[in-house]
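Welcome! Let's take a walk through this structure together, one stop at a time.

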Amino acid sequence: MKPLTITSRLEVYETIEEVPEAIQELMEKAAKVRDNAYAPYSNFKVGAAILLANGEVVLGSNQENASYPSGLCAERTAIYAAGATHPDVDVLQIAITARSLKHQLLSPVPPCGACRQALVEYEVKQDKPIEIYFMGESGKVVKADSIGDLLPLVFDNSWL
Ligand code: THU
């Protein structure tokens with residue numbers, strides 16, 4: 001047996017004011033579209049803003065359903081919208097913010113596993129990393145240089 005140690009380097013910013021201005025603007029867009037989340041079951045609203053290489057921003061928020069598994073997270077709503085409308089344009093960055101209607105969310109909320117898997121597909125497709133920034137309603141912001149940093153031992157098309 002040989003142990004395998006996996007490490008990822010993330011950056012933690014104390015507040016949104018510390019991140020580059022362009023990311024602050026992207027995060028503001030994520031916070032705005034978060035209000036459009038349809039989340040009557042969880043009362044947990046998430047917004048995602050994606051910056052494309054052509055400068056356009058594609059937005060998404062979580063959309064729930066009475067048949068719970070039919071709902072979709074904000075990150076996948078956004079990345080699938082980007083893929084559907086701009087299939088040949090690279091994705092540069094994604095900013096994500098979550099807000100609970102039940103309590104104040106001050107710690108950074110990472111994307112769920114299914115969203116990490118969906119996002120990493122587009123890194124593989126474009127063969128370029130996608131920077132990711134995520135936060136709660138306020139407080140610390142976490143950055144990773146690549147979705148892959150949040151998803152070690154990724155399953156991708158190289159296995160197929
Ligand atoms: N949610 C997201 O939109 N993104 C995530 O990465 C985690 C969870 C949504 C799904 C559901 O509508 C609500 O948050 C509670 O899980």
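Tyr 80 is partly exposed, because its relative accessible area of 39% falls between the 20% and 50% cut-offs. Bear in mind as you look that this is a predicted model. Tyr 122, by contrast, counts as buried, with a relative accessibility of 16%. These two residues form an aromatic pair: their ring centres are 6.5 Å apart and the planes make an angle of 55 degrees, a tilted arrangement. Tyr 80 belongs to helix α2 and Tyr 122 to helix α3, so the pair ties together parts of the chain that are 42 residues apart in sequence.

How many aromatic pairs does the structure hold? There are two. In the other one, the ring centres of Tyr 41 and Tyr 68 are 5.5 Å apart and the planes stand at 40 degrees, so this pair is tilted. Here the link runs between loops: Tyr 41 sits in the loop between α1 and β2, while Tyr 68 sits in the loop between β3 and α2, 27 residues apart. Tyr 41 is partly exposed at 39% relative accessible area, and Tyr 68 is exposed at 60%.

Now let's turn to the interior. In soluble globular proteins, nonpolar side chains tend to be buried together. In this model, the largest nonpolar core has 26 residues, and Ile 50, Ile 94, Ile 96, Ile 132 and Ile 147 have the most contacts inside it. Several elements each supply at least two of its residues, namely β2, α2, β4, α3, β5 and β6. A second, separate core has twelve residues, among them Ile 16, Ile 23, Ala 49 and Met 135.

Beyond its neighbours within four places in sequence, Ile 132 is in contact with several residues, including Ile 94, Ile 96, Pro 111, Val 142, Ile 147 and Leu 150.

Val 142 brings us to strand β6. Is each face of β6 covered or uncovered? Both faces are covered: Val 141 and Lys 143 on one side, and Val 142 and Ala 144 on the other, are all buried. Strand β6 also has partners. It pairs with β1 in the antiparallel sense over four bridges, with Tyr 13 bridging to Val 141. The pairing of β5 with β6 is antiparallel too, over four bridges, and there Tyr 133 has Lys 143 as its bridge partner. Finally, β5 and β6 make a hairpin with five residues between them, and in the turn Gly 139 has a positive phi of about 95 degrees.

Notes:
Residues numbered from 1 in each chain as written. Predicted model: local features only at pLDDT ≥ 70, side-chain atom pairs only at ≥ 80, totals over all residues. Heavy atoms only, no water. Core = buried A, V, L, I, M, F, W, Y, C linked by side-chain atoms within 4.5 Å. Buried < 20%, exposed > 50% of the residue type's maximum accessible area, 1.4 Å probe, protein only. Contact = heavy atoms within 4.5 Å. Phe/Tyr/Trp six-rings, centres within 6.5 Å; stacked < 30°, edge-to-face > 60°. Pairing = 2+ DSSP bridges.
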